[in-house]
Structure formats: C-alpha cells, structure tokens
Amino acid sequence: MKFDNLDLYAALMHELKNNLGLLIMTLDTIPVQGHPDHDQPLDEARLLSQRSVERLQQALLIYKADSGELHPVVDAYAPVEMLRELRDTAQSLARDRLHVDTLVGDQVPTLWFFDRSLVEMALINAIHNSLAHSRSRLRIEADMVDGCLAYTVRDDSAGYPDHILAYGSGGSGHGSAGTGLGLRFARLIAEAHDNNGRHGELRLFNEEGAVFRFLLP
Ligand SMILES: Nc1ncnc2c1ncn2[C@@H]1O[C@H](COP(=O)(O)OP(=O)(O)OP(=O)(O)O)[C@@H](O)[C@H]1O
Ligand SMILES: [Mg+2]
C-alpha cells in the first residue's frame with residue numbers, strides 16, 4: 001500500500017472514531033427508564049459503538065506501530081483518579097448485571113508517568129472482556145508491584161483459556177472466538193512504555209477468575 005493511501009486510511013479511521021465518540025455521547029444523554037425494552041437496546045448500542053471506537057483506535061495504533069511511530073506520550077497522571085474513571089465506565093456498562101468495585105494499595109503514589117489514552121485503551125478492553133466473561137463481579141485495582149504501578153482487572157469468570165495463558169510465554173493468543181487483538185494490544189502498549197530501560201509488562205493469570213495485570217515502569 002502506498003504511504004499516502006495509508007495516511008488517507010488513518011485520517012478516515014480518525015474521523016470515524018470521532019463520529020462514533022459523538023454518537024456515544026448522544027446515547028448517554030438518553031435517560032434510563034428502567035424498562036428492559038428501552039434500556040437494553042440502548043446499552044447494546046452504546047457497547048457496540050464503544051467497541052467500534054476501540055477497533056478504530058487499535059487500527060490506528062497498528063498503523064503507528066508499523067510506521068515506527070508508537071511512542072507513548074508520557075505525562076504525569078493521578079493513578080487513583082484514572083481508577084475511579086475506569087470504575088465509572090465499568091459500572092455504567094455493567095448496570096445491575098455485575099458488581100463492580102475497586103481497591104487501592106497503600107503504596108500507590110499521587111502521580112505516575114504514562115500515556116493515559118494508550119493505557120486506558122488497554123484497560124478498557126480488559127474491562128470489556130470481564131463484562132463479557134464474568135459471572136457476577138469485576139474488580140479494578142491500583143497497586144505497586146515490583147516497583148511498577150500495576151493496574152489489575154480481575155473477575156469471577158472461568159478464567160483465561162490455556163492458549164491465552166500460553167500466549168504470555170510466546171503462543172499466538174489467537175483463539176476460536178473473538179480476534180484476540182485486545183490482549184495483544186495491551187501487551188504492545190505495556191511494552192512501549194519504558195523508564196530508564198525498564199519496560200512495562202502484561203501479566204495474565206487465573207485465580208478466582210481471570211486476572212489481567214498491567215505494569216507500568
Ligand atoms: N476476563 C476473561 N475471562 C475469561 N476469558 C477471557 C477473559 N478475557 C479474555 N478472555 C479470553 O481471551 C480471548 C482474547 O481476548 P482479547 O481481548 O485479546 O480478544 P477478544 O476479546 O476475543 O477480541 P477483541 O478484544 O479484539 O474484541 C477472548 O476471546 C477470551 O477467550
Ligand atoms: Mg477483548
């Protein structure tokens with residue numbers, strides 16, 4: 001593909017992403033009425049729009065990674081504030097279906113340096129995964145792990161299947177359902193963050209359910 005074509009696709013993806021973002025904001029202004037006939041299609045429309053936004057963000061990210069331009073734009077952010085916003089997003093998507101809570105470790109600093117929009121993208125995908133697979137609850141945590149700021153999303157799903165866990169140690173991660181892109185992107189984004197030679201990391205494991213741990217150096 002010629003480079004200027006790629007630029008055109010990137011511009012198109014960017015515009016579609018922004019339009020869908022506006023659509024989500026419009027859907028958010030429609031009040032909840034407590035009737036499944038009214039609320040459920042709205043929730044589905046919001047989730048679908050949100051997923052399309054993510055897809056386009058991922059496509060833009062591939063474009064950047066391919067042209068060697070995936071450089072996190074690092075700034076100081078408040079980890080706890082981001083945690084609250086993630087919880088709000090999760091809660092509004094889960095409604096009454098799942099219980100959502102948060103946990104903040106004692107050692108979490110007031111500020112940490114990272115690319116907020118990239119990290120959010122990775123974590124929101126993890127939240128969507130939990131929404132899709134969890135039985136009854138999902139928890140989002142911020143803590144310090146091995147000297148890194150760690151965001152953890154854990155749920156009470158059946159846990160990651162073996163091929164996904166194997167992917168952590170080099171497997172392809174491509175399962176029968178879904179694209180498997182979300183977790184691959186999360187890893188790409190974690191590893192693109194570095195601090196004095198130390199890179200970020202994605203750790204996936206199972207406890208009561210799936211545990212998604214995203215480490216930022
Ligand atoms: N919380 C979870 N509990 C159980 N299985 C999970 C969980 N999250 C992910 N998985 C499994 O890992 C697979 C890969 O997840 P990933 O987010 O990479 O892709 P996806 O959700 O299938 O598609 P995409 O995120 O690209 O829309 C899923 O298809 C699912 O089988
Ligand atoms: Mg996913």
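A: The answer below describes the core and then its setting in the chain.

This is a predicted model, in which local features need pLDDT of at least 70 and side-chain atom pairs count only at pLDDT 80 or more, while totals for chains, interfaces and linings use all residues. Residues are numbered from 1 along each chain as its sequence is written, and chains are lettered from A and ligands numbered from 1 in the order in which they are written.

The largest nonpolar core has 33 residues, and Ala122, Leu123, Ala186 and Phe214 have the most contacts inside it. A nonpolar core is a set of buried Ala, Val, Leu, Ile, Met, Phe, Trp, Tyr and Cys residues joined through C-beta atoms within 7 Å. A residue is buried if 20 or more other C-beta atoms lie within 10 Å of its own, exposed if 12 or fewer, and partly exposed in between, with C-beta atoms placed from the backbone.

Elements that give two or more residues to this core include helix H3 (79–94), helix H4 (116–133), helix H6 (181–192) and strand E9 (210–216). Helices (H or I, at least four residues) and strands (E, at least two) are DSSP runs, numbered from the N terminus. H4 supplies the largest share of this core, seven residues.

Apart from neighbours within four places in sequence, Ala122 is in contact (C-beta atoms, placed from the backbone, within 7 Å) with Phe185, Ala186, Ile189, Ala190 and Phe214. In the protein chain, 69% of the contacts with a separation of 6 or more join residues 24 or more positions apart. Of its 217 residues, 25% count as buried; in H2, the buried residues are Val53, Leu56 and Gln57.

Methods:
Two residues are in contact if their C-beta atoms, placed from the backbone, lie within 7 Å.
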